[in-house]
There are 2 protein chains.
Amino acid sequence: MKKVHNFSAGPCILAPTVFEKSAKAILNYNDTGLSLIEMSHRSPEFVAIMEEARSLVKEVLDVPAGYTVLFLQGGASLGFLMTAYNMMGDHKKAGYITTGAWAKKASKEANFVGEAVIVASSEDKNNSYIPKGYNIPSDIDYLHYTSNNTIFGTQFKSIPETSVPLVCDMSSDIFSKKIDISKFDLVYAGAQKNLGPAGATLYIIKDSILGKSSVAIPTMLDFKTHADKDSMFNTPPVFSIYASMLTLQWIKEIGGLEEIEKRNNAKAELLYNEIDRNPLFEGTAAKEDRSYMNVTFVLKDDSKKEKFDELWNKANISGIKGHRSVGGYRASIYNAMPIESVQVLVDVMKAI
Amino acid sequence: MKKVHNFSAGPCILAPTVFEKSAKAILNYNDTGLSLIEMSHRSPEFVAIMEEARSLVKEVLDVPAGYTVLFLQGGASLGFLMTAYNMMGDHKKAGYITTGAWAKKASKEANFVGEAVIVASSEDKNNSYIPKGYNIPSDIDYLHYTSNNTIFGTQFKSIPETSVPLVCDMSSDIFSKKIDISKFDLVYAGAQKNLGPAGATLYIIKDSILGKSSVAIPTMLDFKTHADKDSMFNTPPVFSIYASMLTLQWIKEIGGLEEIEKRNNAKAELLYNEIDRNPLFEGTAAKEDRSYMNVTFVLKDDSKKEKFDELWNKANISGIKGHRSVGGYRASIYNAMPIESVQVLVDVMKAI
């Protein structure tokens, strides 16, 4: 099997052990003689998988008491709507920091349930930075932000200070570093970056918000529905949850988020150092707001494009074409990406 | 690997080729050097999978022109709500035939968007039959029914005759026999019975209903959002869709729904004949409404229970415990169940 360096923005690289163990489980789960994907979700085997996945999230992220962990469906895109339904209080107003396409889409859904107030935005400079020094109104039911912007390659380096309930879409940087969950009323994340295959969405919910919304919520969009049934109100996305559990086991085994963060820092520094050193390249995000997950950059000399593209293709690098709204290149260096693969890219950048 | 006869009601048995090919794709998809689950959903490889899955649904089910096929998330449970949002017209009223737990839950969600009218129900006899001879009001926006009742083991043998738009939740019998899709404005089905692993939900939508709802619809719940983006508005449940595509290829290869229907009839007849012949057993559903997917029965002599349970356990039969709301036993004999496994169960029934 040829070695491909997968810099895809998501779905993306996962740890090799996740591929190996999940493939095996599809053929014969734990010597039961059954495939993982043909077992009832009510079987003791799958109930144990669900419980281990939920409890590993708490352990790995050091989630304090008083929070419920759920694995649901629909991606962060459905999370935008569920957030608004479940968090909307008496103000019927919610604050949004819009730092990219996803944050903006999140605010749009809040307007279906109440009113979205744009507290701060980086749209004036094509979302190339994280806003600072804004005022957060006190008459909002919650403040929502997106911790890492996959498309534009920016990332919040600290949690916004506020006394209103805080909600964060952490789809593209959850489990990439330590985070203080106690600051949040709600955290959610599509699985398909650092957690597992597309199809599951992780929710970490402060118990005190359950059942407290000021609006009526359809059954499937109400967190309480799912919390009351231990994340099994309806058939869960079995395979994605199992593979997520395997990823969490892997994170724990290699030393938890402390080790993960160290590795991610080393990878990001290696790549950003080359971008800053090499006169042929330029980063597209403000230096202090650069994402450690998605590294966006452009080639300054267009005449070198053909050569560069040829070289990285030859080196078996995959998935570094930039998003159409930024152009250039985007190297996503999620948890499972080894530093050796980043070095291959850096070597190619040096070679042209 | 021991041979287990998997009679689970869902998630359930799939064709062996689906397990083999999907396990292989997780290790190395089509010799790309990448796992299926780490590839971008925008890659040419996955776009081709999505398009083949959608087009095989049309081919296998003989879907006429003017329908759109989507693979979404959330299960039929979210489909209950999406149905109401997308199908509600000027009457703001919808008719429901409630023949079981799922049909009832579907009607509940319609009450969130408009008003659900119960057109007919079999609740008076613990949903052991399919209602007949009811009147369908003309001032409803659509009529909804559930074609097969997984829990109670009943199944509609014909499509209700009506001039109002018809919607059907076919989660547990789609692809089990030929069906005239042209009679429906909307068909939906959770994948996890005859299609694929849990996590994908199939929608077959008459194009003329898209964008025609009388109510405002949140982005993710609007079929038009997904139809406009070829079922890729947000990251789709990649693995479930791939495995569903493999199942559809298998159905086509063995002779399509004509062959599937023949096999399913033979299996159901074998099992029901034994239930009717053997004085120790009794079916729980009205004979003319018996499901060919989920065969529900009870043991008439309680003193034989221990012996029967011991025998089927010894024969490596799995998943035949009845649902708590019916009791007794339920043998689910979906498409991928070989008649040899049904024979093993029948032999055990004869042996006590």
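In the predicted model, strands S11, S12 and S14 of chain B form an open sheet of three strands in the order S11-S12-S14, with antiparallel pairing. Helices (H or I, at least four residues) and strands (E, at least two) are DSSP runs, numbered from the N terminus, and two strands are taken to pair if DSSP finds at least two bridges between them. Strand S11 (281–283) and strand S14 (329–332) of chain B are the edge strands, each of which pairs on one side only. From one strand to the next, the twist averages 35°. Three bridges connect S11(B) with strand S12 (residues 294–299) of chain B in the antiparallel sense, and B:Gly283 stands opposite B:Phe297 in S12(B). Helix H7 (residues 256–277) of chain B packs on this sheet, where S11, S12 and S14 of chain B are touched, and the direction of the helix makes about 15° with that of S12(B). For such angles, axes are lines fitted to C-alpha atoms, for helices over the stretch in contact, and the values run from 0 to 180 degrees between N-to-C directions. Contact between two residues requires that their C-beta atoms, placed from the backbone, lie within 7 Å.

As the model is predicted, local features need pLDDT of at least 70 and side-chain atom pairs count only at pLDDT 80 or more, whereas totals for chains, interfaces and linings use all residues. Residues are numbered from 1 along each chain as its sequence is written, while chains are lettered from A and ligands numbered from 1 in the order in which they are written.

In chain A, strand S5 (residues 143–146) pairs with two other strands. Strand S3 (residues 93–98) of chain A runs parallel to S5(A) and is joined to S5(A) by two bridges; A:Tyr96 stands opposite A:His144. Strand S8 (residues 166–169) of chain A is also parallel to S5(A), with four bridges between them, and A:Val167 in S8(A) is the bridge partner of A:His144. In a regular strand the side chains alternate between the two faces of the sheet. In S5(A), A:Leu143 and A:Tyr145 point one way and A:His144 and A:Thr146 the other way, and all are buried. A residue counts as buried if 20 or more other C-beta atoms lie within 10 Å of its own, as exposed if 12 or fewer do, and as partly exposed in between, with C-beta atoms placed from the backbone.

Chain A is divided into domain 1 (16–253) and domain 2 (256–351), with bounds that come from an automatic or database domain assignment. Taken over C-alpha atoms, the centres of the two domains are separated by 27 Å. Domain 1 of chain A contributes 22 residues to the contact and domain 2 of chain A contributes 23 residues. On the side of domain 1 of chain A that touches domain 2, the elements giving two or more residues are strand S6 (148–149), strand S7 (154–155) and helix H6 (238–253) of chain A. By class, this side of domain 1 has seven nonpolar, ten polar and five charged residues. Ala, Val, Leu, Ile, Met, Phe, Trp, Tyr, Cys and Pro count as nonpolar, Asp, Glu, Lys and Arg as charged, and the others, Gly among them, as polar.

The contact between the chains takes 53 residues from chain B and 52 residues from chain A. Helix H1 (16–27), helix H3 (75–87), helix H4 (101–113) and helix H6 (238–254) of chain B each supply at least two residues of the side of chain B that touches chain A. H1(B) provides the largest share of that side, five residues. The side of chain B that touches chain A comprises 26 nonpolar, 22 polar and five charged residues.

The same surface serves both copies, as 98% of the contact residues of chain B recur in chain A.

The peptide bond from A:Gly10 to A:Pro11 is cis, with omega near -5°, and A:Pro11 lies in the loop between strand S1 (5–6) and helix H1 (16–27) of chain A.
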